[in-house]
Amino acid sequence: MVISGWFVALLLAGVVPIVVTNDPRWLVWWLGIAVVLAAIDLVIAASPRRVILTRDVPARVRLGESVAATLVIDNAGRRTIRGVVRDAWQPSAGAHPTRTRIVIRGGERRAIRTGLTPIRRGERRAAHVTIRSYGPLRLAARQATMNAPGAIRVLPPFHSRKHLPSRLAKLRELDGRTSVMIRGQGTEFDSLREYVRGDDVRSIDWRATARRQDPQGGQLLMVRTWRPERDRRVVIVIDSGRTSAARIAGEPRIDTAFESALLLAALATRAGDRVDLVIFDRRVRGRVQGASGPELLSRMVDTMATVDPELIEPDWGAVPGLVRSVTSQHALVVIATSIDAPGASRGLLAVLPQLTRRHTVVVSSVTDPDVLAATRDRSRRSEVYLAAAAERALLDQSRVAAAIRQLGGDVVTGSPSDLPPALADRYIALKAAGRL
Amino acid sequence: MTNTAEVVTPTIRQAGRAWRFWVIAGVLAVLVTLASIVITGATGAAGKPLSPTDASPKGSKALAEVLRQHGVAVTSSDSMAATRAAAGSPADTTIFLVDDGHFLNAEQLVELSRLSSNLILMTPDFDQLNAVAPQVALAGTVSGVVHADCSLRPVTRAKTVTGTGSGFRVIGSDPEVVTCLGSGDDIFSLVQVVHSGTRVTVLGTTAAFSNQFVITEGNAAFALGLLGSTSNLVWMLPSIDEASGPTAAELTPAWVSDVLVLLIIATIAAGFWRGRRFGPLVVENLPVVVRSSETMRGRARLYEKSSSRLHALDSLRIGTVDRLGSLCGLPRVADVEEVIRAVAYVTRRPEPEIAQLLRDADPATEAELIRLSDALLELERAVAAATRENSTTIDTPAHDKEPGE
C-alpha cells in the first residue's frame with residue numbers, strides 16, 4: 001500500500017473546516033473522511049499483481065553504445081491499471097527512464113521502452129518490475145514487485161579497431177614486396193613468373209628458366225616469387241590476476257590487454273594465422289580456440305565480456321602446460337601482464353625459458369604515463385621525492401624487461417592508448433622477419 | 001504467456017503471518033504496562049516526596065498511617081478546592097503544606113491560614129513566607145542531626161531530629177517568634193510565628209518526615225507531635241493546576257491544538273508518502289579499483305618521511321645516467337665512469353664537476369637535494385642540445401657554418 005501526495009494535501013486541507021468552525025469534532029471527522037476516501041481508492045485500484053510481464057532485451061551491446069530494452073506488460077485483470085512502473089536494472093546498466101507512467105485497460109498490454117547505456121563491461125541484469133497502481137482519486141495505490149529477470153551482455157568496446165585499416169595496409173604491403181626485401185627463412189615459395197624489369201636478379205630461378213621453352217623461340221627468364229608465411233599459430237595469454245585490476249589512465253590493465261588482444265586477433269586472422277585466446281589467473285577464466293574470421297572476434301568479445309580481474313596471484317607454473325594444450329606447434333605466444341617489479345614478475349620469469357624454447361614469446365605490458373610525467377616535475381621538495389620514486393619504478397620495469405629479453409622473450413610496452421597498435425606493429429615486424 | 005508474473009511482495013495475509021509474533025508481543029507489552037499502572041494506583045500525589053500515599057523511601061505513608069491509627073483524620077489533597085472541602089472548623093484543622101514546586105501564591109497561602117488554626121509549611125519559598133510569616137527568611141541548607149533547644153513539646157519529646165533539609169533565620173525581634181532546632185549561625189530548622197491568629201510553623205526538616213528516616217532519631221515523635229495536634233489533618237501537595245496565571249490553552253483559540261494535531265498527522269503521512277520505497281534495490285558486484293601509481297607514491301612518501309636524500313638522489317642519478325649514456329651513444333652496459341667522461345667531453349665541462357653531480361655529491365639539506373635534482377635535469381638538457389648540435393653539424397656541415405661565422 002502506498003499513499004500519495006494528494007492524500008497528504010487532503011489531510012492538510014482539513015485545517016480550513018477546523019479553523020472556520022472552531023469545533024474540535026471536525027478534526028476526527030476530517031481524519032475519518034480522509035481515511036475512508038483512501039480506503040475506497042485502495043479497494044477500487046486495479047491489482048498490480050495480475051499482470052504478465054515479457055521482456056525483450058538485446059543479447060549484446062558494446063560498451064559505450066545504447067540499446068533499447070522492451071518490457072511488455074499484459075494486464076490480465078479486468079480493471080484499468082493507472083500508475084507508475086519501475087523497471088529495476090542494475091545501476092551500471094545505465095537504464096533511463098527508470099520510471100514510466102502507464103494506463104493499461106483490462107486485458108490490454110503496453111510496451112515500455114527503457115534505454116540502456118551500460119557504463120561497465122560484463123553481464124548487466126534486470127531483477128524485477130515494480131508496479132504502483134493508483135485508485136481513481138489518486139489518494140492511495142497498491143504496489144507489488146514481480147520477479148522479471150533479464151540480462152544483457154556488455155562487450156569490450158574495441159576502440160583500437162581504428163588502428164586496424166592502417167595495420168592491414170601494412171600487411172598487404174608485406175604481401176606485394178619484392179622478394180629481396182622480405183626474402184628470408186620465414187617467407188614461403190609462392191609461384192614462378194616471368195622476369196620483369198626491376199625484379200632482383202638474385203631471385204631468378206635458373207632451373208625453371210632452363211625448363212621453360214618459349215613458343216616464339218626467345219628465352220624468357222623465370223623468377224621465384226614469395227609471400228609471407230601463413231597458417232601460423234598465435235596464442236594470446238591474458239593475465240587476469242591482481243595486477244590486472246590496477247587502473248592506468250582510468251582504464252584497468254585487463255581492459256587494455258583485451259583491446260590489444262582484439263586488435264592483434266583481427267589482424268592475425270586476416271593475415272591467415274590462427275589465433276587462440278586464454279584468459280588465466282589460477283584457473284582458466286576464458287578460452288577461445290579453433291575459431292577464425294569474424295566468428296573469432298565475436299567469440300573473443302563474448303568471452304572477455306564477463307571476465308573481471310581477481311585479487312589473486314596468477315599461477316605462472318601452469319602457463320606452459322596451457323600453451324601446450326592449445327598447440328604443439330611453434331607459435332607466437334603473447335603474454336599480456338604487467339612487468340612492474342622484479343619481485344612480482346618472478347613467477348613469469350621462472351617459466352619463460354620453457355616457453356621461449358619452443359615458441360616466440362612477446363610480453364606486452366601497460367606502462368603508466370603518470371610515472372614518466374612524475375620524473376620530469378621536480379619543482380618542490382615532495383615532487384623531487386616523487387620523481388625519485390618514479391625513476392625507481394622505471395628502473396624496476398627496465399630490469400624486468402631486460403631479464404625477459406635475456407631469457408629470449410620480447411617486450412612491448414606502451415601507455416593504454418599506444419599499447420594495442422604497438423603490439424600489432426610488433427606482430428607485423430615478426431611476420432616480416434619470418435619469426436612466426 | 002499464460003501465467004502471471006511471480007510476485008515478490010507479500011500479500012497482506014502473508015505479511016500479517018510474518019509479523020504476527022511481533023504484533024502479539026507489542027499488544028501484550030502495552031497491556032502489561034497498563035495493568036501495572038492501574039495496580040500501583042496512578043493517584044495524583046503518588047511518587048511525590050513526602051506524599052501520604054507513597055510507600056517508597058521518599059514518601060511519608062508511614063507517618064500518615066500512624067496518625068490515622070491515632071484517630072487523626074488524614075485527608076490527602078492536591079488542590080485548593082479539595083482542601084477547602086476537607087477543612088472543618090479552623091480550630092480543629094491542621095494543614096500540612098508540602099509545596100515542592102512552589103505552585104501556591106501569596107493569596108492562596110493567606111486563604112490556607114484562614115482555613116486552619118495550625119498551618120505547617122514544609123520548605124516554603126520567599127513569596128509564601130512573605131505572605132504568612134514575614135519575620136522568617138530563607139537561610140540555605142542544613143544537614144546532620146539537630147538537638148532540641150526550645151520548650152516546644154514535640155521538640156522536647158523528640159530530643160534529636162534529623163535536620164537534613166533547609167534552614168531559616170528570623171528577621172527583627174518579634175517576641176512571639178519561637179525558634180527551634182538551631183544548627184548554629186542563627187539558623188533554625190523550625191520557626192513558629194503567629195499570623196492573624198493562626199499558628200504558622202515553618203519547617204525545613206524534609207528528611208525527618210520521609211519513610212526512610214522517620215524511625216531514626218526522634219523523628220517520629222517530632223513529626224507525630226507536630227501533625228497530630230488536631231483531630232483533622234489536611235495533607236496538601238498542590239498540583240501544577242493550582243499555579244496562578246492563565247494556561248497556554250486559555251490564551252490560544254480552541255482550534256490551535258486541533259490544527260497542531262492535524263499537522264503532526266499530516267507530517268507522519270508525508271513521511272510515509274516520501275519514504276515508501278518503489279521496490280527493492282538491485283544489487284551489483286562492483287569491480288576492484290586499484291590505482292596503479294599507489295606503490296610509487298607510497299615509496300615517495302617513505303623517502304620523504306625518512307629524509308633519505310641520498311637514496312632519492314641516487315634513484316634520480318640512475319635514470320639520468322641511463323639516459324645520458326644513450327644520448328652519448330654509449331652501449332647499455334657502459335658504467336658511470338664512461339658516461340662521466342663522455343658527458344664531460346660532449347658538454348665541454350670539467351670532468352670533476354660532472355663526477356660530483358653524477359656520483360659524489362651527498363646532499364646535506366633538502367634545498368641541496370632540490371638543487372642537485374635541478375642540476376641533473378639541466379645536464380640532461382645540455383647533453384641533449386649538444387648531441388643534437390653535433391649530429392646536425394655532421395649531417396649538414398655547410399648549412400651550419402655559414403650563419404655562425
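B:Asp186 is exposed in this predicted model, with a relative accessible area of 56%, and because the cut-off for exposed is over 50%, that value places B:Asp186 in the exposed class. B:Asp186 belongs to the loop of chain B that runs between strand S8 (178–182) and strand S9 (188–195). Although B:Asp186 is not a glycine, its phi is positive, at about 60 degrees.

A residue of chain A can be read alongside it. A:Arg138 also has a positive phi, near 60 degrees, and is a residue other than glycine. A:Arg138 sits in the loop of chain A between strand S9 (122–134) and strand S10 (140–155). With a relative accessibility of 27%, A:Arg138 counts as partly exposed, since that class lies between the buried limit of under 20% and the exposed limit of over 50%.

**The two chains**

Chain A has 436 residues, of which 54% are buried, and its secondary structure comes to 13 helices and 20 strands. Chain B has 405 residues, of which 38% count as buried, and it holds 15 helices and 12 strands. When contacts between residues at least 6 apart in sequence are taken, 73% of those in chain A join residues 24 or more positions apart, while in chain B the share that joins residues at least 24 apart is 64%.

**A helix of chain B**

Helix H12 of chain B covers residues 336–347, which is 12 residues, and from its first C-alpha to its last it reaches 16 Å, close to the 16 Å expected at 1.5 Å a residue. Which residues of H12(B) are buried? They are B:Val339, B:Ile340, B:Ala342, B:Val343, B:Ala344, B:Val346 and B:Thr347. Just after H12(B) comes B:Arg348, which takes a positive phi of about 55 degrees.

A:Thr114 is found in strand S8 of chain A, which spans residues 109–116. Is A:Thr114 buried or exposed? A:Thr114 is buried, because its relative accessible area is 1% and the limit for buried is under 20%. When its neighbours within four places in sequence are left aside, A:Thr114 is in contact with A:Val67, A:Ala68, A:Ala69, A:Asp87, A:Trp89, A:Ala95, A:His96 and A:Pro97.

Two of these partners, A:His96 and A:Pro97, are joined by a peptide bond that is cis, with omega near -5 degrees. A:Pro97 lies in the loop between strand S6 (95–96) and strand S7 (99–104) of chain A, so that the description of A:Thr114 and its contacts leads on to this loop.

**Enclosed spaces**

Rolling a probe the size of a water molecule over the atoms shows where empty space is left. In this structure there are 2 cavities of 30 Å³ or more.

The largest cavity has a volume of about 50 Å³. Its lining is made up of A:Asp239, A:Ser244, A:Arg253, A:Ile254, A:Ala257, A:Ala336, A:Thr337, A:Ser338, A:Ser364, A:Ser365, A:Val366 and A:Leu419. Helix H7 (253–270) and strand S19 (360–366) of chain A are the elements that give two or more residues to this lining. By class, the residues that line the largest cavity divide into 5 nonpolar, 5 polar and 2 charged.

The second largest cavity holds about 30 Å³ of space. Which residues line the second largest cavity? The lining consists of A:Leu264, A:Leu332, A:Val334, A:Val362, A:Leu423, A:Arg426, A:Tyr427 and A:Leu430. The elements of chain A that contribute two or more residues to it are strand S18 (331–336) and helix H13 (419–432), and H13(A) gives the most, with 4 residues. The lining of the second largest cavity has 7 nonpolar residues, no polar residues and 1 charged residue.

Note on methods: Residues are numbered from 1 along each chain as its sequence is written. Chains are lettered from A and ligands numbered from 1 in the order in which they are written. This is a predicted model: local features need pLDDT of at least 70, side-chain atom pairs count only at pLDDT 80 or more; totals for chains, interfaces and linings use all residues. Side-chain values use heavy atoms; hydrogens and water are left out. On a 1 Å grid over the protein atoms alone, a cavity is a set of points where a 1.4 Å probe fits but cannot get out, and a pocket is an open set with protein on both sides within 12 Å along at least five of seven lines; lining residues have an atom within 4 Å of a point. Grid points are joined across faces, edges and corners, and a volume is the space filled by probe spheres set on the points. Ala, Val, Leu, Ile, Met, Phe, Trp, Tyr, Cys and Pro count as nonpolar, Asp, Glu, Lys and Arg as charged, and the others, Gly among them, as polar. Buried means under 20% relative accessible area, exposed over 50%, partly exposed in between (1.4 Å probe, protein chains only). Contact means heavy atoms within 4.5 Å. The expected span of a helix is 1.5 Å times one less than its number of residues.
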